[in-house]
Amino acid sequence: MNIELREPDVRQTARLKVIDVDLHPKSSVEDLKPYLSKRWWDHLQTFGARTRQGFLKGFPYPKSQPLASRRDSWPPGGGLPASDLDFMRQQYLDLYPIEYAIMNPLSPTGQGDQNDEFSAAMAVAANEFQLDGWNARDPRLLASVVVPYEDGEASRAEIRRRAGDKRFAHVLLKSRTNELLGKRRYWPIYEAAVEAGLPVGLHVFGTSGRPASNTGWPSFYIEDMTEHASCCQAQVASLILEGVFERCPDLKVVMIEAGFAWMPPLGWRMDKHWKTLKAEVPHLKRAPSDYLRQHFWVSTQPMEEAEEPDHLMDTMTWVGWDHIMFASDYPHWDFDDPLLALPPSLADKRRAMVLSENARALYRLD
Amino acid sequence: MAGHVVASVDDIPPGTRKLVEVNGRAIVVFNLGGDFFALNNRCPHRGGGLADGIQTGLVVSKVPGDYCYSRLGEMVKCPWHGWEFDIRTGKSWCDPARLRVRQYPVTVRPGAELVEGPHVAETFPVRVENNYVVVEA
């Protein structure tokens with residue numbers, strides 16, 4: 001008598017296509033072993049990963065659900081959420097009209113590890129496994145170029161290794177870095193991304209060792225989640241005001257899981273100050289909000305949910321309808337359903353832009 | 001609304017729940033200490049299936065630092081975004097006045113009464129000596 005109940009509305013799925021810019025496949029360190037040299041495998045076994053946070057096997061903040069995942073996403077056959085392709089197909093890829101989903105692996109990837117060389121070796125392994133373990137088995141799953149972002153030159157080398165490979169959609173960074181992302185130590189990443197024709201995806205979280213808030217460590221997970229808006233504002237401002245987009249005029253940055261309601265007022269605020277402080281940043285040729293509008297894309301999940309629906313629509317208009325892309329965050333607990341997450345009042349054309357067409361254009365997908 | 005026999009009382013012991021289908025609708029039936037409650041298995045927020053969620057209690061706080069945990073197992077938490085609903089009323093914890101999950105009336109009837117009709121148990125036999133859970137939907 002127990003039944004599977006969630007059948008999407010077929011009238012909708014018949015005409016909708018979805019390109020998801022944020023899916024989190026799960027691998028184990030054993031999955032990466034074939035791609036690690038004996039030297040680094042032994043290192044991992046002996047010393048372990050050394051992220052810059054205090055909990056070796058846990059998160060700085062307790063997640064809302066185990067492994068921050070939907071409780072119904074644990075595969076019936078065992079294993080961690082999003083580790084089993086067949087179950088992922090059943091629960092997500094085939095249940096919805098998913099054309100492509102961009103994988104943003106979060107762990108284990110070595111990103112943010114204190115050992116730069118180990119971080120670089122893990123990035124190579126994580127990228128190889130995305131190809132062999134996922135993309136080769138389901139070509140809808142596009143890979144991210146995981147880079148050891150605290151080491152600009154090592155990151156450049158890894159991006160160059162993947163340049164021209166259409167299975168990679170973007171370069172993956174996390175938002176909590178050791179220094180603000182506009183600093184020159186990170187510029188090799190942007191130069192290499194442009195050289196390879198890849199956007200840079202900036203996904204929230206990361207373990208930089210710095211407090212989640214710029215005034216210290218908050219008490220609650222709800223603060224950890226809320227604070228992404230302020231962290232990302234600082235990162236976006238840094239990228240613009242340091243002149244990264246004058247150095248790399250073709251750089252495109254995708255903000256992932258950061259929300260977006262904070263973005264238009266950030267542009268207004270920077271513009272206001274720029275009018276009086278231009279002399280401090282003479283390398284900027286245009287108003288900061290111009291760079292914001294031209295070089296940044298946002299993803300939907302988790303969208304701010306305004307009490308008055310029109311307010312969200314206004315905000316999306318200010319961000320720019322051609323720069324908003326759907327993200328599900330599958331299998332995480334704050335997953336967005338492609339057929340239900342967007343505001344019901346969204347007109348068909350805009351809905352199609354957000355669900356697939358903007359991503360198709362940005363990532364040059366057929 | 002018609003009554004549908006969805007389970008034998010023994011099928012849903014206290015503290016457990018069961019996902020059933022009534023006229024194509026997925027309904028989750030809970031047993032809270034012998035009282036039965038039926039909720040639509042679809043979270044009104046984004047559609048998560050409540051039958052996959054955990055049952056938890058009610059934590060309330062009058063002032064910071066003062067916490068009271070009560071009603072163990074009487075709240076169901078959506079497996080997706082964690083929205084909590086009072087199983088006894090269907091009301092959400094975050095916005096009880098405006099947001100609730102649909103609730104269906106449930107009764108426990110003796111098999112002797114049911115075999116006379118008008119209720120129908122489509123998927124299993126009803127025995128005179130047992131008691132059954134009937135959902136009105």
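Trainee: Which residue in β5(A) does Leu173(A) stand opposite?
Mentor: Leu173(A) stands opposite Leu202(A) in β5(A), where a strand is a DSSP run of E with at least two residues and a helix a run of H or I with at least four, both numbered from the N terminus. This is a predicted model, in which local features need pLDDT of at least 70, side-chain atom pairs count only at pLDDT 80 or more, and totals for chains, interfaces and linings use all residues. Residues are numbered from 1 along each chain as its sequence is written, chains are lettered from A and ligands numbered from 1 in the order written, and side-chain values use heavy atoms, with hydrogens and water left out.

Trainee: How many bridges join β4 to β5 in chain A?
Mentor: Four bridges join strand β4, residues 168–174, to strand β5, residues 200–203, and the two run parallel; strands pair if DSSP finds at least two bridges between them.

Trainee: And what is the order of the strands in the sheet?
Mentor: The order is β1-β2-β3-β4-β5-β6-β7-β8 in chain A, eight strands in an open sheet with parallel pairing. At the edges stand β1 (18–23) and β8 (324–325) of chain A, each with a single partner strand, so one side of each is left without a neighbour in the sheet.

Trainee: Which strands does helix α4 of chain A lie across?
Mentor: Helix α4, residues 85–93, lies across β1, β2 (98–103) and β3 (141–146) of chain A, and runs at about 125 degrees to β1(A), with axes fitted to C-alpha atoms over the stretch in contact and angles taken from 0 to 180 degrees between N-to-C directions.

Trainee: Changing topic, where is Asn104(A) found, and is Asn104(A) buried or exposed?
Mentor: Asn104(A) is in the loop between β2 and α5 (116–135) of chain A, and at 0% relative accessibility Asn104(A) counts as buried, which here is under 20% relative accessible area, with exposed over 50% and partly exposed in between, for a 1.4 Å probe and protein chains only.

Trainee: What is Asn104(A) in contact with?
Mentor: Leaving aside neighbours within four places in sequence, the contacts of Asn104(A) include Val21(A), Asp22(A), Ser144(A), His170(A) and His203(A), where contact means heavy atoms within 4.5 Å.

Trainee: What about chain B, how many helices and strands are there?
Mentor: Chain B has one helix and ten strands, and from the N terminus on they run β-β-β-β-β-β-β-β-β-α-β. The C-alpha trace of chain B spans about 55 × 25 × 25 Å along its principal axes, and 47% of the 137 residues of chain B count as buried.
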